[in-house]
Amino acid sequence: MSLGVLGLSAPTVAFARAGGPEAPRVVCGTDGTTGLAVSAGSAGDCGAALRVAGAYTKAGLREGGAVTVVSSDGTVWRCQEQQGDPNPYQECVDTTDTTRHVTLTS
């Protein structure tokens with residue numbers, strides 16, 4: 001059995017499905033702990049997005065909509081599971097700038 005690994009050399013733009021994270025999103029890479037894809041609103045936010053995702057997964061992903069608050073680079077983020085269509089996804093929102101979102105998807 002062979003397994004393929006996809007490596008992203010640069011952020012790529014992805015468009016979300018209906019019921020999923022807002023589109024367009026930039027895929028920044030994968031979270032090292034969970035292997036979930038990490039996305040942000042722009043390529044310039046990718047470094048922060050990967051750090052937020054790491055803080056969130058270190059704190060422990062919560063299922064069923066429970067809120068987890070994490071801090072990264074001096075910014076507080078509110079993270080929780082969101083219901084997608086058909087699969088749920090994890091989303092973190094900057095508490096001081098609600099236009100900044102980080103999403104974790106499978």
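Buried here means under 20% relative accessible area, exposed means over 50%, and partly exposed is in between (1.4 Å probe, protein chains only). Keep that handy for the tour.

You're looking at a predicted model, where local features need pLDDT of at least 70, side-chain atom pairs count only at pLDDT 80 or more, and totals for chains, interfaces and linings use all residues. Residues are numbered from 1 along each chain as its sequence is written, and side-chain values use heavy atoms, with hydrogens and water left out.

**Stop 1: the disulfides**

Select Cys 79 and Cys 92: they form a disulfide (a pair of cysteine sulfur atoms within 2.5 Å), with the sulfurs 2.1 Å apart. This pair links distant parts of the chain, 13 residues apart, with Cys 79 in strand E5 and Cys 92 in strand E6. Strands (E, at least two residues) and helices (H or I, at least four) are DSSP runs, numbered from the N terminus. Cys 79 is buried at 0%, and Cys 92 is buried at 0% too. The torsion about their S-S bond is about 110°, so this disulfide is right-handed.

Now pick Cys 28 and Cys 46, joined by a disulfide with an S to S distance of 2.2 Å. Cys 28 sits in strand E2 and Cys 46 in helix H1, 18 residues apart. Their link is left-handed, with -75° about the S-S bond. Relative accessibility is 13% for Cys 28, which counts as buried, and 7% for Cys 46, also buried. The disulfide count is two.

**Stop 2: helix H1**

Stay with Cys 46 and select the rest of H1, residues 46-59. Which residues of H1 are buried? Cys 46, Ala 48, Ala 49, Val 52, Ala 53, Tyr 56 and Thr 57 are. Just after H1, click Gly 60, which takes a positive phi of about 100°.

**Stop 3: the salt bridges**

The term means a side-chain nitrogen of Lys or Arg within 4 Å of a carboxyl oxygen of Asp or Glu. Asp 73 lies in the loop between strands E4 and E5, 22 residues from Arg 51. Asp 73 is exposed at 54%, while Arg 51 is partly exposed at 44%.

Finish with Asp 94 and Arg 100, which meet in a salt bridge at 3.1 Å, N to O. Asp 94 is buried at 2%, whereas Arg 100 is partly exposed at 23%.
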